[in-house]
Amino acid sequence: MAMEPLSFQEYICSLDPATLPRILRICSGVYFQGSVYEISGNECCLSTGDLLKVMAVALQKVICEDTVTGRTKELPPTFKGFFQPAPAPGSNPTLRTPFLGGGQWGLTLHQALGRCNGQPQPLLCPAISPHTLLLHPVYEVQAAMHLRRDVVKIPSTLEVDVEDVTEEAQHVHFARPLLLSEVLRMEEALPAQAEILEGPGGPAIFESAWVSRLQRGQRLHLHGRSPAWRVLASAPSSGRHFLLSSAYQGRFRRRPRQFTGVQELAAGLRPGQRLHVVVTQDCEGRGDDVPPLGVGDRLEAQRLQGSGPGTRLLCHRHGGEEEDGEELLLPLDLGGGFVEEMCDGKKYGLAELLDQQPLPCEVRVVAADPGLERDALGALPALRLEARLDQPFLVGSFCQEPEEGFEIPPRWLDFSLLLSEGSVRSPAPCTLRCRVEELTEAFYYRLLAQLPGSAAPPPPRPPKRTQQGMSPGRCHPTAPRSLTAGACLAPPLPPLPALPQPSTSKQYGRRRAPRDAGTDSDNGEHDYETVDDDIQKTIRKMQAVFPF
């Protein structure tokens, strides 16, 4: 039979810790703002009828009240003074020898509180005051609540009334929500059914439709951990980004690597191998030490020589049919463009490709995955494989569609759920659609930045919008407007010089040699003999826009 309701303070003060845990029901004391309290830095909602499972009680502090002056003093649980019961009413209230005789030294703070039996008792303590004192303890109560992940810590002074329902609530199970990332570490509890309590927050990571269905109230089958690993990939031509499962059955063919500058060329060297490339962009030499490189030159990059700023890349430049080659030492800061020479027509599976080809590398899908109804990778001209990821995934399915599965990365896509009790037997779902997941652009760059040694470029900025009434490339409205108060007119533009006549020189389009100092440098005249037709057209357009 349930006890009569008591204030939370009275109940905790009279509680015998040896009887814990106890189950309490909130009877009254609803606060404003929807009964939401901030307890130990966390919001906690206590409504009438809610159950609390009291797990532990610890003394936090004691408020000592002087009954004569009304003043209070806060005592720590470690207070070293001694207390004695106050004399009965009508006797001498002054302190004479309460602490003398018979070796009686009084009661410690905890002993004095134990004699209170839930109600403050008058006590004396000369170390605090000569007057009668009342002790008001404040306890920290650790309790479990239904559908709350953490143990809440509640002060005993919380102004609610409670009743003890331990005997009649023995069958009550205090369900504790879990994060999906916690379930990942509980493989012994899987497979299981679960209900989503709070869907994933933050920006989306996958473009797949199943992600949007992970909402509150949705029921899931969680089957277990996926054995597959992943490869981060991007399609340079389309700006799309993907996560490939090791279960992907498409076939790849290697594509020649491209290098911008000698620094990238040196980074593409592999231990014990030489790299054959063709120059795709002219590069000026540097005196006698570094000859120029021309388009079509065939180089064999061999190894690095030297250390520090003087490090050079040793290359062999192949000569023509009747010419011998030459050895080159190229500085790492030299520009130019290079493309890899390769004669590899083999078709690779994903695992085989990664065994023989270090990442990143560029490939092309030459045979789509036969298990996919539509393989998004098959139509791409090129695919850049960035890195292998061993992120753990959980295999799941919706209870309404148990045969269609998906794979969730809990550390990237976390949410709270409630596991159902009892064992579940369900066949493993089909996870074909998980072989290729398209990523959002923001999440792709986030992953790229987390790769070891990554210097990932920031995502491209969207183009600036042209203001209404403004033409691209202009700084004035296309139609006249009235000026608002306080607006200032921009200073007028300087007049443009007269247009020159087209030049018929053989050096058309090239600049003339600079004049000697002091010759016609200050006469205000301009030499336009080297201006080509495109520049003249541009000047005419500017004169049409800005009439003088």
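Predicted model: local features only at pLDDT ≥ 70, side-chain atom pairs only at ≥ 80, totals over all residues.

User: How many helices and strands does the protein chain have?

Analyst: Helices (H or I, at least four residues) and strands (E, at least two) are DSSP runs, numbered from the N terminus. The protein chain contains seven helices and 29 strands. Of its 548 residues, 36% are buried; buried means under 20% relative accessible area, exposed over 50%, and partly exposed in between (1.4 Å probe, protein chains only). Contact denotes heavy atoms within 4.5 Å. Among contacts with a separation of 6 or more, 70% come from residues 24 or more positions apart.

User: In what order do the six strands of the open sheet lie?

Analyst: Strands of a sheet pair through backbone hydrogen bonds, either parallel or antiparallel. Two strands are taken to pair if DSSP finds at least two bridges between them. Here the order is E17-E24-E25-E15-E16-E29, with antiparallel pairing. Strands E17 (251-254) and E29 (436-439) stand at the edges with a single partner strand each, so one side of each has no neighbour in the sheet. Neighbouring strands of this sheet are turned by 40° against each other on average, direction ignored. Axes are lines fitted to C-alpha atoms, for helices over the stretch in contact, and angles run from 0 to 180 degrees between N-to-C directions.

User: Which strand is joined to E17 by four bridges, and which helix lies across strand E15?

Analyst: The antiparallel partner of E17 is strand E24 (residues 361-367), where Ala-367 is the bridge partner of Arg-251. Helix H6 (residues 441-450) lies across E15 (230-235), E16 (240-245), E25 (383-389) and E29, and runs at about 120° to E15.

User: Which residues have the most contacts inside the largest nonpolar core?

Analyst: In soluble globular proteins, nonpolar side chains tend to be buried together. A nonpolar core is a set of buried Ala, Val, Leu, Ile, Met, Phe, Trp, Tyr and Cys residues joined through side-chain atoms within 4.5 Å. The largest has 37 residues, and Trp-210, Leu-222, Leu-232 and Leu-417 have the most contacts inside it. H6 gives the most to this core, with five residues. A second, separate core has 32 residues, including Leu-24 and Val-54.

User: Is Ser-156 buried or exposed, and what does its side chain contact?

Analyst: Ser-156 counts as buried because its relative accessibility is 0%. This residue is in the loop between strand E10 (152-155) and strand E11 (161-164). Its side chain makes a polar contact with the side chain of Gln-9 (2.8 Å). A polar contact is a pair of N or O atoms within 3.5 Å; within protein, one must be able to donate a hydrogen and the other to accept it, and residues adjacent in sequence count only if both atoms are side-chain atoms.

User: Where are cis peptide bonds found, and what is the phi of Leu-147?

Analyst: Most residues other than glycine have a negative phi, and most peptide bonds are trans. The bond from Leu-190 to Pro-191 is cis, with omega near 5°, and the bond from Leu-359 to Pro-360 is cis, with omega near 0°. Leu-147, although not a glycine, has a positive phi of about 60°. Leu-147 is partly exposed, with a relative accessible area of 40%.

Note on methods: Residues numbered from 1 in each chain as written. Heavy atoms only, no water.
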